[in-house]
Amino acid sequence: VVNKIKNNMSEKPFMIWAHFFDAHVPYSPGKGRFWRDEAPNYLNKIGFLKPLRNNFSHSKKPTTSDDWNTWSALYDAGIHYIDSQIGQIVDALKQSGKAENTILIIGSDHGEELGEHGQISHRFMCYDHCVRVPFIIFDPGHQQKNIKALTTHIDLAPTIMVLAGLKSPKLWEGKNILRKNGRMRTHVLIENFYGGSCLFEHRPLYIGVRTSQFKYLWKEFRDPTDNHSKAGHELYDLNSDPKEQTNIYQKKHPKVELFNHIIAERLTKLPQISESRIIAAFGDIGHLAIQKYQQSM
């Protein structure tokens with residue numbers, strides 16, 4: 001990537017996509033098969049001064065406190081390594097004179113669990129440690145600011161279009177996150193299946209609703225092969241419980257009915273989900289959602 005930037009003498013617009021895998025199991029900070037030689041350098045920089053054990057394995061879940069500490073340190077060192085690589089890209093843009101006319105975006109497809117809910121990697125969990133990801137934009141034409149609005153990956157393309165001086169198609173659901181005016185989202189949806197395979201007819205739906213304060217995790221029912229997640233629905237107050245450790249779900253909680261409406265209405269828009277399935281899951285709320293969808297057609 002760095003060489004392509006430095007050797008690109010053309011004045012034409014260009015796009016480069018770089019994928020860094022170092023924050024993904026197995027965490028291996030360093031270059032390729034030589035990572036073990038380089039890892040101590042990155043581990044030391046984050047304050048992990050112990051030597052990396054030759055018998056330490058990435059292939060199994062840590063069991064001892066020492067294994068957990070090593071696992072976490074390797075993840076942090078992987079982040080440090082990625083940061084250094086992004087730094088090289090930024091330096092190449094500056095050295096080539098392209099930095100002042102290039103939009104740089106840093107994002108991630110998912111987060112990572114380091115034991116917060118008893119698991120590792122990212123699996124299928126919808127907790128914030130897996131679904132809240134970096135979304136960093138450097139554009140020479142904008143001043144530094146922190147956007148507090150709820151955003152999703154579908155906002156990436158519309159935002160790039162606007163930054164590039166283009167208009168995004170009206171049919172796109174995503175929003176330009178830099179817009180000064182416009183109604184902000186009240187919630188975002190998180191959708192998943194256990195194991196990742198999108199077999200709508202054979203797997204139960206796992207759907208989350210996240211607002212600025214609450215996270216609601218709804219299961220149609222627990223997948224028979226799911227030995228990791230909790231049974232039943234979950235509700236967390238992110239203001240008082242940002243690590244999502246205390247499930248406050250109650251059927252009569254004032255937010256639960258609203259969130260059930262949101263999920264039921266979402267399901268009406270999925271052609272793979274039958275009306276009977278929605279009604280079986282939500283009863284009267286399902287009937288109302290179906291009626292609302294039919295009236296909008």
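**Overall fold**

I looked at contacts in the protein chain first, taking contact as heavy atoms within 4.5 Å. Among those between residues at least 6 apart in sequence, 51% join residues at least 24 apart. This is a predicted model, in which local features need pLDDT of at least 70, side-chain atom pairs count only at pLDDT 80 or more, and totals for chains, interfaces and linings use all residues. Residues are numbered from 1 along each chain as its sequence is written, and side-chain values use heavy atoms, with hydrogens and water left out.

I noted eight helices and eight strands for the protein chain. Both are DSSP runs numbered from the N terminus: helices are H or I with at least four residues, strands E with at least two. The C-alpha trace spans about 60 × 55 × 35 Å along its principal axes. I then looked up burial, where buried means under 20% relative accessible area, exposed over 50% and partly exposed in between (1.4 Å probe, protein chains only). Of the 297 residues in the protein chain, 38% are buried.

**Cores**

I looked for nonpolar cores, sets of buried Ala, Val, Leu, Ile, Met, Phe, Trp, Tyr and Cys residues joined through side-chain atoms within 4.5 Å. The largest has 22 residues, and Leu205, Tyr216, Trp218, Ile263, Leu267 and Phe282 touch the most other members. Two or more residues come from each of strand S6 (206-210), strand S7 (214-219), helix H6 (256-268), helix H7 (275-282) and helix H8 (284-296). H6 gives the most, with six residues.

I checked the neighbours of Tyr216, leaving out residues up to four places away in sequence. Tyr216 touches Ile207, Gly208, Val209, His233, Glu234, Leu235, Tyr249, Val256, Phe259, Asn260 and Ile263. Another core, of 18 residues, lies apart from the largest one; among its members are Ala23, Trp35, Phe56 and Trp71.

**H7 against H8**

How do H7 and H8 pack? Their axes are 6 Å apart and meet at an angle of about 140°. Axes here are lines fitted to C-alpha atoms, for helices over the stretch in contact, and angles run from 0 to 180 degrees between N-to-C directions. H7 and H8 are therefore oblique to each other. Under 35 degrees counts as roughly parallel, over 145 as roughly antiparallel, 65 to 115 as roughly perpendicular, and the rest as oblique.

H7 brings Glu275, Ile278, Ile279 and Phe282 to the contact, and H8 brings Asp284, Ile285, Gly286, His287, Ile290 and Gln294. By class I read five nonpolar, three polar and two charged residues. Ala, Val, Leu, Ile, Met, Phe, Trp, Tyr, Cys and Pro count as nonpolar, Asp, Glu, Lys and Arg as charged, and the others, Gly among them, as polar.

**Cysteines**

I looked for disulfides, pairs of cysteine sulfur atoms within 2.5 Å. The count is zero. Cys126 is buried at 8% relative accessibility, and Cys130 is buried at 4%.

**Two loop positions**

I found Phe21 in the loop between helix H1 (2-7) and helix H2 (35-45). Phe21 is partly exposed, at 48% relative accessible area. I placed Asn54 in the loop between H2 and helix H3 (65-95). Asn54 is exposed, at 72% relative accessibility.
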